[in-house]
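Here is my note on this structure, in numbered points. Please keep the model open while you read.

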Amino acid sequence: MADLTHTKQGVQAKCFPLGVGLVAEYIKQELGNILNVEIFKYPSDLEEKCIQYKPEILALSSYAWNHELANNFAKAYKSYNPEAIIIFGGPNFHHVDDERKKFLLRYDVIDFFIFGEGEIAVVNLLHELILNNYDVNKVKNSHKYINNCSYISNNIIYSGNNIRIKKIKEMPSPYLSGTFDKFFKNDLIPLYETTRGCPFSCTFCSDGASIKNKIYRHTQEVINETLEYIANKKEYIDSLILADLNFGMYNEDISTCEKIAETKQKYGYPVFFSASAGKSKFENILKSVKILDGSWFVGASVQSTDIDVLKNIKRKNLPYDKMIELANSTKDKGSVSYTEIILALPDDSKIKHFKSLKTSIDAGLNSIKMFQLMLLTGTEMSGQESIDKYGMSVKFRVMPGAAGEYTFFEKKYCIAEFEQIVVSNNTLSYEDYIECRLMDLIVEIFINNATFYELFIVLDKYNISKFDTLKYIKDNDNLYTKKVKDIFNSFKKDTQQDLFDTYDEILSFIQMKDIIEKHITGELGNNEILDHKALSFIEYEEFIDLLYRAIVCMLKEHNGYNIDIDKVLIQLKDFIVTKNSSLHNYDLIEQRVYNYDFSNIRTKSFDDIVNSKNEGMEYEFYHTNEQKAIIKNIYSSYAGNTIAGLGRLIQKSNMNIMYRNFKIKDT
Ligand code: SF4
């Protein structure tokens, strides 16, 4: 069994293979005396084992980010061992039989597709196969409806009911059994879930289906035992991800947070904790944030702040005042509070998108994750009815970081994953879509990772909106230097290139000479926002100058500019550059003299800084040994010396804890 990841542009999905691990563990419990099961993550390891043992059954996870890889591997194995039975499973599957049939006819190497929760379904299917002596045709020709399983026989699709597992607390754990031990040796991030299900119904999400509305959870005892096990076993990794869909919202989550805080104290793990935060019971979320004391990348995802858009996608958000409270709760902990905004949702427009950005930024959230609308297989939004209703223009493109040339069983395959993105709709023209994307990049550069955070403090004094300042940057290209202009133009070009109308077109494209090679070298197919954020980080001084110039213009417009303020801003700018730029140069110690007290700057107002004026204080900037170790580890794990790697590193890490420390010397 495997949950494969692309590996040719670095490891693309860096998590433990949780889904397949849970299923494998249940198979072992139920059929361990009949079947041998082993789990894999990397294609090369799986191939080696297949050659060594020629397994009768190959079961592979199917997600948006690995389906084509799994499909090609399965086809290659089927050629090598034509008797093999191929089972796929995961969320990357349709809800209606017509669509399921088209999918299984296109990916015809798949004998059975398991949808919904897999543990019991796979064991039931294996029982059928065992009863029929592993004769796939016999099983298919029985035309039996197997719960959570689809297959085609004589051109007719047979799908059983989608049944939820109510007693997940009785499901065995691949962590506690030791099955996952081998993955601690790689630099994969432990992924775990304490609950299943989501009470919300967002139409763009595969977890929004009504069947998933009820919540089931593991016992606190097992959760605590597992967290302790992971913390004790981890070798190279600082992070922990919970796959829970609304973490922090339930009363029981408080105990989970207490356990995580305890392991952090005992084992120094996790340094970074990530989980999607709940959208109600705000007091619990706030309590969780406090207990986790700066470790949690906590998010109040809004997707849009517009009431009509939210109605169309059947979504509810945390109220605005709660967002502000959440943002404030993380501010002085060096932690990250984020929101997610999706561009081009039904009824979205340039004005509405900008309003969503402005609301979130001015609420003080310090990271805004901006996504294009992806139509995910099996979601309500991806149905033809919804595409027609909202006039969505849908394009295929190669998923960033998920392309490569692989050799399986001595044959070469050019493989890439594809995503379907919406680039316009009834209310958002293509031109406006490009404008919105550029605005997104500017927000990514100047807001996320608190890269230039301290320079914004002056805006509070004059009640100037941060978003309006960023929009000023977007609308005034006379402020750009050549390097800045080149980076913005390159972004606009990348946003529009290599978009295809059909699956067959994009499939032919990636088979063309050198195309996969260009994806591997980063010439094509990268995440344009992250790449250009990385480029801006390399040109740190150019971009902080751009922000400084925009702030000066905004201050002049609001009658807030004078020469004394300018003097503070210039020293503050230098302070930020020395503290935050060239992180990889972590042995560098720098000395500076400033006439203002910048210590504890995040808790100060601009007036506090102005009033701290003095004859000159000597600052020394340095990285601690602990920071050096974290930076070294993260740079090597994300290949931070490449543009794409640096982009991923900036996106995935809490940069706040990597910026230089400083001390003020006695004078
Ligand atoms: S709240 Fe999150 S997990 Fe639940 S349906 Fe909406 S997007 Fe999906």
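1. Helices and strands here are DSSP runs, numbered from the N terminus: helices are H or I with at least four residues, strands are E with at least two. This is a predicted model: local features need pLDDT of at least 70, side-chain atom pairs count only at pLDDT 80 or more, and totals for chains, interfaces and linings use all residues. Residues are numbered from 1 along each chain as its sequence is written.

2. Start with the loop between α8 and β10, where Pro 270 lies. A cis peptide bond joins Tyr 269 and Pro 270, with omega at about 0 degrees. Most residues other than glycine have a negative phi, and most peptide bonds are trans.

3. Next, the domains. The assignment gives domain 1 (18–159), domain 2 (189–390) and domain 3 (426–667). Such bounds come from an automatic or database domain assignment. The centres of domain 1 and domain 2, taken over C-alpha atoms, are 31 Å apart. Seven residues of domain 1 are in contact with nine residues of domain 2 (contact: C-beta atoms, placed from the backbone, lie within 7 Å). On the domain 1 side, four of these residues are nonpolar, three are polar and none is charged. Ala, Val, Leu, Ile, Met, Phe, Trp, Tyr, Cys and Pro count as nonpolar, Asp, Glu, Lys and Arg as charged, and the others, Gly among them, as polar.

4. A residue is buried if 20 or more other C-beta atoms lie within 10 Å of its own, exposed if 12 or fewer, and partly exposed in between; C-beta atoms are placed from the backbone. In a regular strand the side chains alternate between the two faces of the sheet.

5. Which strands pair with β9? Strand β6 (residues 191–192) does, in the parallel sense over two bridges. Strand β10 (residues 272–274) does too, parallel over three bridges. Pairing needs at least two DSSP bridges between the strands. Tyr 192 has Leu 242 of β9 as its bridge partner. Ser 239 has Phe 272 of β10. From β9 the chain crosses through helix α8 (residues 251–267) to β10, and this β-α-β crossover is right-handed. That label applies if, with the strands pointing away from the viewer, the path from the first strand over the helix to the second runs clockwise.

6. Now look at the ligand. Among the residues that surround the ligand are Cys 198, Cys 202, Cys 205, Asp 207 and Lys 279 (near: C-beta atom, placed from the backbone, within 6 Å). The shell has five nonpolar, two polar and two charged residues.

7. Compare strand β18 (residues 661–665). It is hardly covered: the count of buried residues among its five is zero. Strand β17 (residues 617–622) pairs with β18 in the antiparallel sense over five bridges. Glu 620 stands opposite Lys 663 in β18.

8. Two residues deserve a check of phi. Ala 344 is not a glycine, yet its phi is positive, about 80 degrees. Ala 344 lies in the loop between β12 (337–343) and α12 (350–362). Ala 344 is buried, because 26 other C-beta atoms lie within 10 Å. Asp 514, also not a glycine, has a positive phi of about 70 degrees. Its loop runs between α18 (503–511) and α19 (515–521). Asp 514 counts as exposed, because it has 10 C-beta neighbours inside 10 Å.

Definitions and conventions: Contact = placed C-beta atoms within 7 Å.
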